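Q: I am new to this structure and would like to be walked through it. Could we take it topic by topic?

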Amino acid sequence: MPPKAQLKFSDGEKVLCFHGPLVYEAKCLKAEVRDKVPKYFIHYNGWNKSWDEWVDDTRVLKYTEANLKKQKELQQQQNASRKKRRSGERPAGGALTATSATTTAATADKQDKSKKGTAACAATAAATTATEVSAEPARKRRRLEQSQVESEESYSNRIEIKVTVPDALKHCLVDDWDLIVRQKQLVELPAKPTVEMILSDFLQSRSRGSSSASSAAASTVSERAAASSEVCDGIREYFNVLLGTQLLYKFERPQYAELVQKHPDKSMAQIYGAEHLLRLFVRLGSVLAYTPLDSGSMSILLGHINNFLRYLSRQSSSLISADNYHPAPPEYYRRQAT
């Protein structure tokens, strides 16, 4: 093994690390040489450990005043470039083209007709169940939770579900964290467009694909569009249920409480937008692991979810922008402190 002298950073060292175009404070959890190349296992301060990754020394910087200054300069350049981005710009391509989804849908069509929509309906049903549980009085809810404690065997047999977020959307998640947690900004709400509008636009794009298909394929495309509609219902339900408990940063909670009081007749999907919807898909895999679906039905469901994520990725330049954030006013800090 090459000598340790090749390693520029040591285990436990506080460092700065590039992630995309920006530099973030981080910690080197482990340093080792792999295939004669120094590698560092990095944890970004304040981030979920799921973002921990192995990087080479071209992305890691010493924690010095000079590099902190460089970090600030890169952040300023990024903010300036965001402001210059034209808000009306949309990527080329009209209707959503789904390659892997077409394959899974074709497979589903060959299966028993009774299985159609099973995965989509399960998503809606699971979210609805969560809504009903949250509505139970505290005492009843505790008894219900105790009666539903998962056995060790069922936990070990539970399928691990992985929802793959496209790289372009991962960068949006990183920027979102930076703007809220580090820069103390808030998303302008109610959003334009809202989650409800985004889901509706996605379904319209699927309908356009159905209308442009040949008569022979029209029925198949129509069935896939119907399944997509049911999956969107499930996404909407999950979002409404999980937003207040799992999708907000601590800094956003006073804003959430104010919006709930101000708009008691609206669901969260009618107030929040793409920035918060995107966070759902980071959590969705662990939630879906509790749905009673076999591997085949889960594959079909994930195919529809991947379709929607690809749509979000295509539209990200118009749906997610730094212009949608604004600095929190002084009185907001006072509300957060109380």
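Predicted model: local features only at pLDDT ≥ 70, side-chain atom pairs only at ≥ 80, totals over all residues.

Q: How many helices and strands does the protein chain have?
A: The protein chain has 12 helices and 7 strands.

Q: And what share of the residues is buried?
A: The protein chain has 338 residues, and 39% of them count as buried.

Q: What about contacts, how many join residues at least 24 apart?
A: Taking contacts in the protein chain between residues at least 6 apart in sequence, 74% join residues at least 24 apart.

Q: Let us turn to cavities. How many are there of 30 Å³ or more?
A: The count is 2 cavities of 30 Å³ or more.

Q: What is the volume of the second largest cavity?
A: The volume of the second largest cavity is about 30 Å³.

Q: Which residues line it?
A: The lining of the second largest cavity consists of Cys172, Leu173, Asp176, Glu275, Leu278, Ile320 and Tyr325. By class, 5 of these are nonpolar and 2 are charged, with no polar residues.

Q: Which helices supply at least two residues of that lining?
A: They are α6, residues 167-182, and α10, residues 274-288. The largest share comes from α6, with 3 residues.

Q: New topic: aromatic rings. How many aromatic pairs are there?
A: The structure holds 14 aromatic pairs. One of them is formed by Phe9 and Tyr40, an edge-to-face pair with 5.3 Å centre to centre and 85 degrees between the planes.

Q: Where in the chain do those two sit?
A: Phe9 is in the segment before β1 (13-19), whereas Tyr40 is in strand β3, residues 37-44. The pair links distant parts of the chain, 31 residues apart.

Q: Are they buried or exposed, and why?
A: Phe9 counts as buried because its relative accessible area is 5%, under the 20% cut-off. Tyr40 is also buried, because its relative accessibility is 0%.

Q: What can you say about Trp47 and Trp177 as a pair?
A: Trp47 and Trp177 form an edge-to-face aromatic pair, with 5.3 Å centre to centre and 65 degrees between the planes. This pair also links distant parts of the chain: Trp47 lies in the loop between β3 and β4 (53-56), while Trp177 lies in helix α6, 130 residues apart. Both Trp47 and Trp177 are buried.

Q: Which aromatic cluster do they belong to?
A: Tyr24, Tyr44, Trp47, Trp51 and Trp177 form one aromatic cluster.

Q: Which charged residue lies over the face of Tyr63?
A: That residue is Lys14, at 4.3 Å from the ring centre of Tyr63.

Q: Where is Pro190 placed?
A: Pro190 is in the loop between β6 (185-187) and α7 (195-212). Pro193 is placed in the loop between β6 and α7 as well.

Q: Which residues have a positive phi although they are not glycine?
A: Among them are Lys36, with a phi of about 65 degrees, and Lys184, with a phi of about 55 degrees.

Q: Where are they?
A: Lys36 is in the loop between β2 (22-34) and β3. Lys184 is in the loop between α6 and β6.

Q: How accessible is each one?
A: Lys36 counts as exposed, because its relative accessibility is 71%. Lys184, at 32% relative accessibility, counts as partly exposed.

Q: Last topic: where is His263 found?
A: His263 is in the loop between α9 (253-262) and α10. With a relative accessible area of 14%, His263 is buried.

Q: And what is His263 in contact with, leaving aside its neighbours within four places in sequence?
A: With those neighbours left aside, His263 is in contact with Pro190 and Ile271.

Key. Residues numbered from 1 in each chain as written. Heavy atoms only, no water. 1 Å grid on protein atoms, 1.4 Å probe; cavity = no way out; pocket = protein on both sides within 12 Å on 5 of 7 lines; lining within 4 Å. Points joined across faces, edges and corners; volume = space filled by probe spheres on them. Helix = DSSP H or I, 4+ residues; strand = E, 2+ residues; numbered from the N terminus. Nonpolar A, V, L, I, M, F, W, Y, C, P; charged D, E, K, R; others polar. Phe/Tyr/Trp six-rings, centres within 6.5 Å; stacked < 30°, edge-to-face > 60°. Buried < 20%, exposed > 50% of the residue type's maximum accessible area, 1.4 Å probe, protein only. Lys NZ or Arg CZ within 6 Å of the ring centre and 35° of its normal. Contact = heavy atoms within 4.5 Å.
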